[in-house]
Amino acid sequence: MNAPASRWTRADIARLDHEDRLAHLRARFLVPEGVVYLDGNSLGCLPAGVEERIQRLMREEWGNDLIKSWNIHDWIDLPRRVGAKIARLIGAEDNEVVAADSTSVNLYKLLAAALKMRPDRRVILTEADNFPTDNYMMQGLSALVGGVEVRAIARDAITDAIDENVAVVSLTHVNYRTGQIYDMAGVTDAAHRAGALTIWDLSHSAGAVPVYLNEAAADFAVGCGYKFLNGGPGAPAYVFVASRHFDEAISPLWGWLGHAKPFDFSGDYAPGDGIDRFQCGTPALLSLVALDAALDAFDGVEIPALYGKAQRLGDLFLDLVDSELGNSDLEIACPRKADERGSQVSFTHPNAFEIVQALIDRDMIGDYRAPDIARFGLTPIYLRYSDIGRGVELLKDVMDQEAWRDPRYQTRGKVT
Ligand SMILES: *Cc1c(COP(=O)(O)O)cnc(C)c1O
């Protein structure tokens, strides 16, 4: 059977952009000319205000005011101010989130805190297909503490596996390969009924997919600053602790900036109030300032509206692949149903690596995830429908011409 006739013309797609009420948000970013950038879930585009903010930091704050800046420019409270900006995007209260460290390190802090809150239970339950660093942090903690079992199982079996031995269920809200979304409220409820705690990794959700941590009664969460939050390479991550756990949850990393009174320089640790104790050492100010300025791109933006656009971008991508590439051996690896999918589409192909390289060579940036996934992030705040149209044209070209067979595309860099 022949592939069905395309439902979309270029003019149809141009009209979608014309009618897009979020189209003006693209101007808040420096998106490179001529590039179809579908990798905002690895490194978001540069928001327009960041460069000037960093220059001001350089000239006035670091350059001139130097050490005084901790007080006069309030560097010291910046982790909390940035945390509050993120809180509004993930359904948390301003005082429940702090920007700090990396996602990996923050997850470690929360896993240890959760285990301490459930001393009679020694199982960390997670998905085998979780992002590797998450599971490595669990394995490392288990190797250190002893007696702690990491149970990493199939996604569909998670809810039934939450029993009286499970201290904490630690999951990533949107799967990095397939884009599948967990029912956060449902899993959290199942965990609570069994007496377990939950940690949600929001790395592939925050900034594109609605998250309602408090509505879901989530206990803990972490996430990245450099993906859909566009905070820049290596941007600080964040930690969420539900305020009802403020007294009981203790970070295992007793750094001085998590101390109740760091500048007392007292000999003994005393945990800071609430979320403050989840800070550790001195924050990377340059990166933190960049993230702070980057988050202003979300001013006045409703995440559900962004997600609606992400869903339509994804539907368009899959529709076009069905009609234009129906005869290729690309298999759709993400949910077809938009509300089961995060802000990405993905495909499996035995030569996914080479395909992605050939696309990058044609200025369509996606990424390859081992062993066989070609993944395309759909950042709704700056992408146009016509980017998707152009992207699928390039993909069709690479597949029809088998351009990926060129030996150049087999060379693997350290980062894929
Ligand atoms: C991107 C990502 C990370 C990255 O962690 P870092 O500590 O920032 O390197 C962790 N977990 C998930 C689920 C991710 O998607």
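# Salt bridges, pockets and a surface patch

R375 is buried, with a relative accessible area of 1%; buried means under 20%, exposed over 50% and partly exposed in between, using a 1.4 Å probe and protein chains only. The structure is a predicted model, in which local features need pLDDT of at least 70 and side-chain atom pairs count only at pLDDT 80 or more, while totals for chains, interfaces and linings use all residues. Residues are numbered from 1 along each chain as its sequence is written, and side-chain values use heavy atoms, with hydrogens and water left out.

**Salt bridges**

- Side chains of opposite charge can pair when their charged atoms come close.
- The whole structure contains 30 salt bridges, each being a side-chain nitrogen of Lys or Arg within 4 Å of a carboxyl oxygen of Asp or Glu.
- R375 pairs with D367, with 3.0 Å between the closest N and O atoms; D367 is also buried, at 4% relative accessibility.
- R177 and D129 form a salt bridge whose closest N and O atoms are 3.3 Å apart.
- R177 lies in the loop between β7 (166-172) and α8 (184-193), and D129 in the loop between β5 (123-127) and α6 (132-145), so this pair ties together parts that are 48 residues apart in sequence. Here helices (H or I, at least four residues) and strands (E, at least two) are DSSP runs, numbered from the N terminus.
- R177 is buried at 18% relative accessible area, whereas D129 is partly exposed at 40%.
- R10, R390 and E393 are joined in a network of salt bridges.

**Pockets**

- The largest pocket holds about 360 Å³ of space.
- A pocket is an open set of points on a 1 Å grid over the protein atoms alone, where a 1.4 Å probe fits, with protein on both sides within 12 Å along at least five of seven lines; lining residues have an atom within 4 Å of a point.
- The largest pocket is lined by 24 residues, and S42, F131, Y226, K227 and R369 are the closest to its centre.
- At least two lining residues come from each of α5 (103-117), α6 and β14 (367-369).
- The second largest pocket has a volume of about 300 Å³ and 17 lining residues, with R88, L89, F298, V301 and I303 nearest its centre.

**Surface patch**

- M58, W62, L66, I67 and L286 make up a nonpolar surface patch with about 510 Å² of accessible area together. Patch residues have over 30% relative accessible area and no salt bridge, and nonpolar side chains (Val, Leu, Ile, Met, Phe, Trp, Tyr) are joined within 5 Å.
- L66 is partly exposed, at 47% relative accessible area.

Conventions
Patch = residues over 30% accessible without salt bridge, like charges linked within 9 Å, V, L, I, M, F, W, Y side chains within 5 Å. Areas by Shrake-Rupley, 256 points an atom, 1.4 Å probe, with all protein chains shown as cover. Points joined across faces, edges and corners; volume = space filled by probe spheres on them.
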